Amino acid sequence: MNTIPQEFQINSLLNQDTYLVNGELKKWTGKTTPVYSTISSTEKYEPTLLGSIPFMGEIEAMEAVNAASEAFSNGQGEWPTMKVVDRIKCMENFVGQMKATRAEVVKLLMWEIGKSLGDSEKEFDRTVEYIYDTIESYKELNARSAHFSKVQGVNAMVRRSPLGIVLCLGPYNYPLNETFSLLIPAIIMGNPVIFKPAKHGVLLISPLLEAFRSSFPKGAINILYGRGREVASPVMKSGKVDILALIGNSKSAIALQDQHPNKNRLRLVLGLEAKNPAIILPEADLDLAISECIAGSLSFNGQRCTALKILYVHESIADEFNKRFSDKVDSLVFGNPWEKGVSLTPLPEQEKPAYIQELIDDATSHGAKVINAKGGQHSENYIFPAVLFPVNKKMRVYSEEQFGPVVPIMTFKDIQEPLNDMAESNYGQQVSLFGKNIKTIAPLIDSLVNLVSRVNLNSSCQRGPDVFPFTGRKDSAVGTLSTNDALRSFSIRTFVASKDIDYNNKILQDLLNSKESNFINTDYIL
Ligand SMILES: O=C[C@H](O)COP(=O)(O)O
């Protein structure tokens, strides 16, 4: 399309012909896989060829495993033993270089995953901030106290130590921010990482390769390309992975765990599916509830694990809510990510419109209606959001995580109905609760916190601010992410315990005074 602003045009193919292993950008001369965007650059619709990535296999997977093993060297390598101040310098060096790649990465976010210009810029800036905040949390975690603890005659001195090799796999919807919410804490805690970017949002890692290479010791970060079964599977089968860090679907997470020959030694840090509900109580501020539910269910076309994926509206306000909500959905504008005023954009997964249509067909065959005029309208790379009402438990959209532009609405008479559904659900990430009555809401919150990990009061569900813990119950997550919790997820608390004897105490005091020691605030043990 000739309307693409010049700064966002792809002027030559981006063929990724190097990969990062053992501190070296190695040339790739083997088979490649093309990378397409579902956004068309011509008037007549056709996907745009953006470039290519290496099609790697077991040989490269094992190169990375060997490089990471060497870097870790059973905890004795340069990276796991590096002093806190030096690790911080490496990370600061990386983020400093990363900032210079903003324009290129933002452009690729738009082309590869169809994220709007504003949201792509936000994703980049939020990631830079995430790294700086992680560095600050890392400093705090390592802040020394002037003393060591004494419990029942035993002195103790603590540190957080790395666990070993991390296999890191991120999702396509936040290929930078969410991936880095795994990658950055994993690295800063001293673990060597093997990272394979997501299928969509892979070329945008290219501008960062040199920054990774030059900022960290060899083997501390290794970046591979290709398909999960060709690359991630041999890494897991090697038995060398200590942490599987994945944001994506449970099926892939389970398949990868099963390939590890000794699952007992595998720590999991997983962000998985969710089916976050919104509950709209009779006395809710409808203007607020509607605008939050629109943003919550449809920002980035509903392709967020934190998206609202089912709305429970009290039957007394359902008619008004449905009418106003559907009209507002129909006022949303579809277009290319760089266009002004656009909030609905092309879907990066070519098969997604057909899947959403299946959900709509299934729901309508069980008695629901598409209640907004534009719902389900198709273009080659898009399907307009469909608002489905009334939804019931027989419908696939009731239980499947749609991860796309369809909004199911149910009604309830008694608050126990949505609570029972949440209790039966396989998921338990977040909930949004809209209402004003203190007497009903306060006890409700007490119930909800035992069903999910975050209750959003009169606002949509979301992960941020990134300093807040990001986790979930049941099949939604394992472990906790955030700019500080993640440091704990990617490390183990180790300590030295010593009897209260003079020369023991002198040794501990020496450790406390020494700039060369990583031992930290002893109070953590208590
Ligand atoms: O895919 C799930 C993301 O963590 C959502 O993050 P967000 O709530 O900031 O959009």
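Visitor: How many residues of domain 1 are in contact with residues of domain 2?
Guide: 18 residues of domain 1 are in contact with 17 residues of domain 2. Contact means heavy atoms within 4.5 Å. This is a predicted model: local features need pLDDT of at least 70, side-chain atom pairs count only at pLDDT 80 or more, and totals for chains, interfaces and linings use all residues. Residues are numbered from 1 along each chain as its sequence is written, and side-chain values use heavy atoms, with hydrogens and water left out.

Visitor: Where are those domains in the chain?
Guide: Domain 1 is 19-272 + 479-488, and domain 2 is 277-457. The bounds come from an automatic or database domain assignment.

Visitor: How far apart are their C-alpha centres?
Guide: The C-alpha centres of domain 1 and domain 2 are 32 Å apart.

Visitor: New topic. Which residues surround the ligand?
Guide: Among them are Arg126, Tyr174, Glu178, Cys305, Thr306 and Phe470. Each has a heavy atom within 4 Å of the ligand.

Visitor: What does the shell divide into?
Guide: Three nonpolar, three polar and four charged residues. Here Ala, Val, Leu, Ile, Met, Phe, Trp, Tyr, Cys and Pro count as nonpolar, Asp, Glu, Lys and Arg as charged, and the others, Gly among them, as polar.

Visitor: Which domains does the shell draw on?
Guide: Domain 1 and domain 2 each give at least three residues.

Visitor: What lies 2.8 Å from a ligand oxygen atom?
Guide: A polar side-chain atom of Arg126. A polar backbone atom of Cys305 is 2.6 Å from an oxygen atom of the ligand. For a side-chain N or O atom of Thr306, the distance to a ligand oxygen atom is 2.7 Å.

Terms used. Polar contact = N/O pair within 3.5 Å; in protein donor to acceptor, adjacent residues only side chain to side chain.
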